[in-house]
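Hello,

Here is the structure I promised to pass on to you. Have a look at it first, and then read on for what turned up in it.

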Amino acid sequence: AILETATSTDDLVVDLYGSADEQGWRIMAKGFDFSGLGSEKALLAGDNMTRLLGKIRTFASAAKFVDEYGQVAGALSAVWEVDRRKDFEGLNRIGIWKSGFSSVVSTSNLEQFSKYSRLQRVLL
């Protein structure tokens, strides 16, 4: 028997660039310390990222914000493929008397996002 399980996670990522800054700064919701939000800090990283971006938009009102990655990611795959990896996990128990082979397929668009982000920096 073959065991198949599908899971999905989305990790929020924001890149910030200053006018004279080629490298920029990356904020990843996973593991980021949102204590700077003070009393506005929420329980979920996704909510905190939204609140942090709101504060950045207020503070840097003259900044250019590019929010279209989600809309163009599919088209970008024709140029910059999404990374896919398949890991074989071997024989696992499925039930009391059954066992089967399993594998995990992982996809990541982090490299694609990085390239898109750097392109947006050049176009500023």
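Let me begin with a question: does D87 count as buried, exposed or partly exposed? The answer is partly exposed, because its relative accessibility is 27%. Please keep in mind that this is a predicted model.

D87 has a partner, too: its side chain meets that of R85 in a salt bridge, at 3.0 Å from N to O. R85 counts as exposed, since its relative accessibility is 54%.

Now for the chain as a whole. The protein chain has 3 helices and 5 strands, and from the N terminus on its elements follow the order β-β-β-α-α-β-β-α. With a radius of gyration of 20 Å, well over the 14 Å that the globule rule gives for 124 residues, the chain is more spread out than a compact globule. The C-alpha trace spans about 65 × 40 × 25 Å along its principal axes. Of the 124 residues, 20% are buried. The accessible surface comes to about 9,800 Å², and carbon and sulfur atoms hold 55% of that. If you look at contacts with a separation of 6 or more, 45% of them are between residues 24 or more positions apart.

Back to the salt bridges: a search of the whole structure finds 7 of them. One joins the side chains of R118 and D15, at 3.5 Å from N to O. R118 lies in helix 3 and D15 in strand 2 (residues 13–16), so this pair ties together parts that are 103 residues apart in sequence. D15 is buried, with a relative accessible area of 15%, whereas R118 is partly exposed at 39%. The two also belong to a network of salt bridges that links D15, R26 and R118.

Another salt bridge is formed by the side chains of D67 and R57, at 2.5 Å from N to O. Here D67 sits in the loop between helix 1 and helix 2, while R57 is in helix 1, 10 residues apart. R57 is partly exposed, with a relative accessible area of 36%.

Helix 1 (45–59) is also the place of N48. Is N48 buried or exposed? N48 counts as buried, because its relative accessibility is 2%. Beyond its neighbours within four places in sequence, N48 is in contact with F34, L37, E40, K41 and A42.

In the loop between strand 3 (25–28) and helix 1 you will find L43. This leucine, L43, is exposed, with a relative accessible area of 87%. From L43 to K55 it is 12 residues in sequence and 17 Å in space, C-alpha to C-alpha.

Helix 2 (residues 69–76) is worth a look as well. Its buried residues are Y69, A73 and L76. They cover an arc of only 75 degrees around the axis, so they are on the same side of helix 2. The cover over the buried residues of helix 2 includes helix 3 (110–123). On the face turned away from the buried side are the exposed residues Q71, G74 and A75.

Last, the surface. F88, L91 and F101 form a nonpolar patch there, with about 370 Å² of accessible area together. L91 belongs to strand 4 (residues 83–93) and counts as exposed, because its relative accessibility is 55%.

How values were computed
Residues are numbered from 1 along each chain as its sequence is written. This is a predicted model: local features need pLDDT of at least 70, side-chain atom pairs count only at pLDDT 80 or more; totals for chains, interfaces and linings use all residues. Side-chain values use heavy atoms; hydrogens and water are left out. Patches are made of residues with over 30% relative accessible area and no salt bridge: like charges are joined within 9 Å, nonpolar side chains (Val, Leu, Ile, Met, Phe, Trp, Tyr) within 5 Å. Accessible areas come from the Shrake-Rupley method with a 1.4 Å probe; for residues, only the protein chains shown count as cover. A salt bridge is a side-chain nitrogen of Lys or Arg within 4 Å of a carboxyl oxygen of Asp or Glu. Helices (H or I, at least four residues) and strands (E, at least two) are DSSP runs, numbered from the N terminus. Buried means under 20% relative accessible area, exposed over 50%, partly exposed in between (1.4 Å probe, protein chains only). The radius of gyration is taken over C-alpha atoms; the globule rule is 2.2 Å times the number of residues to the power 0.38. Contact means heavy atoms within 4.5 Å. The arc is that of the directions from the helix axis to the C-beta atoms.
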